[in-house]
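Please look over the sequence and the model shown here before reading on. The report then takes up a few of the elements and residues in turn.

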Amino acid sequence: MKASEKAAAYLAGGMKSELQVRQYLARKGYSEDECDEAVEELKEYHFIDDYAYAVEYFRSGFARKRGERRIRRELEEKGITGEPVEAALRELEAEGDVPDEYEQAMEVASSVTRDYTPEEMEAMDFATKQKLRGRIVRRLGGRGFSGDVSYRVAKELVK
């Protein structure tokens, strides 16, 4: 089977980045020249488009309440950096599809505090409140929210 046919079959399962397609073809035993030829052919037909992939990846990440930093890191792992990422983010901002990071972080962090009533949180001693703030900051950091936003949210939720 030709490398481009193998790659097209791989892409039938969903959008992939150029790097993902190259790695897939290499794992299947195709030479670097065959991979280059297949990727170029598929790019001509817009089956591989890192910019479009980045736009959809940001949309999906924001829908899953992930912060921009995490989405960027995941795109970088998939071989997409620089201009395609920046252009994708600009497009989403222009469309109003970039959620407010603070509001999203508040939603995510509220899952950490939902087991406590306001009275219970008020009655907590300083050490317990610090521990809870730490849990919130770690959760938000893992989701890719900035440190500034994470600490602001933790401070707001656990007074």
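How many residues has helix H9, and how far does helix H9 reach from its first C-alpha to its last? This is a predicted model, in which local features need pLDDT of at least 70 and side-chain atom pairs count only at pLDDT 80 or more, while totals for chains, interfaces and linings use all residues. Residues are numbered from 1 along each chain as its sequence is written, and side-chain values use heavy atoms, with hydrogens and water left out.

Helix H9, residues 126-142, has 17 residues and reaches 24 Å from its first C-alpha to its last, close to the 24 Å expected at 1.5 Å a residue; the expected span is 1.5 Å times one less than the number of residues. Helices here are DSSP runs (H or I, at least four residues), numbered from the N terminus. Lys129, Leu132, Arg133, Gly134, Ile136, Val137 and Leu140 of H9 are buried, where buried means under 20% relative accessible area, exposed over 50%, and partly exposed in between (1.4 Å probe, protein chains only). The cover over these buried residues includes helix H7 (101-113), helix H8 (118-123) and helix H10 (147-157). After H9 comes glycine 144, with a positive phi near 95°.

The axes of helix H4 (residues 50-63) and helix H5 (residues 68-77) come within 10 Å and cross at roughly 140°, the axes being lines fitted to C-alpha atoms over the stretch in contact, with angles from 0 to 180 degrees between N-to-C directions. That makes H4 oblique to H5, since angles under 35 degrees count as roughly parallel, over 145 as roughly antiparallel, 65 to 115 as roughly perpendicular and the rest as oblique. In H4, Tyr53, Ala54, Tyr57, Phe58, Gly61 and Phe62 meet Glu68, Ile71, Arg72, Glu74 and Leu75 in H5, contact meaning heavy atoms within 4.5 Å.

Two single residues can be set side by side.

The C-alpha atoms of lysine 43 and glycine 147, which are 104 residues apart along the chain, are separated by 38 Å.

Conventions:
Helices (H or I, at least four residues) and strands (E, at least two) are DSSP runs, numbered from the N terminus.
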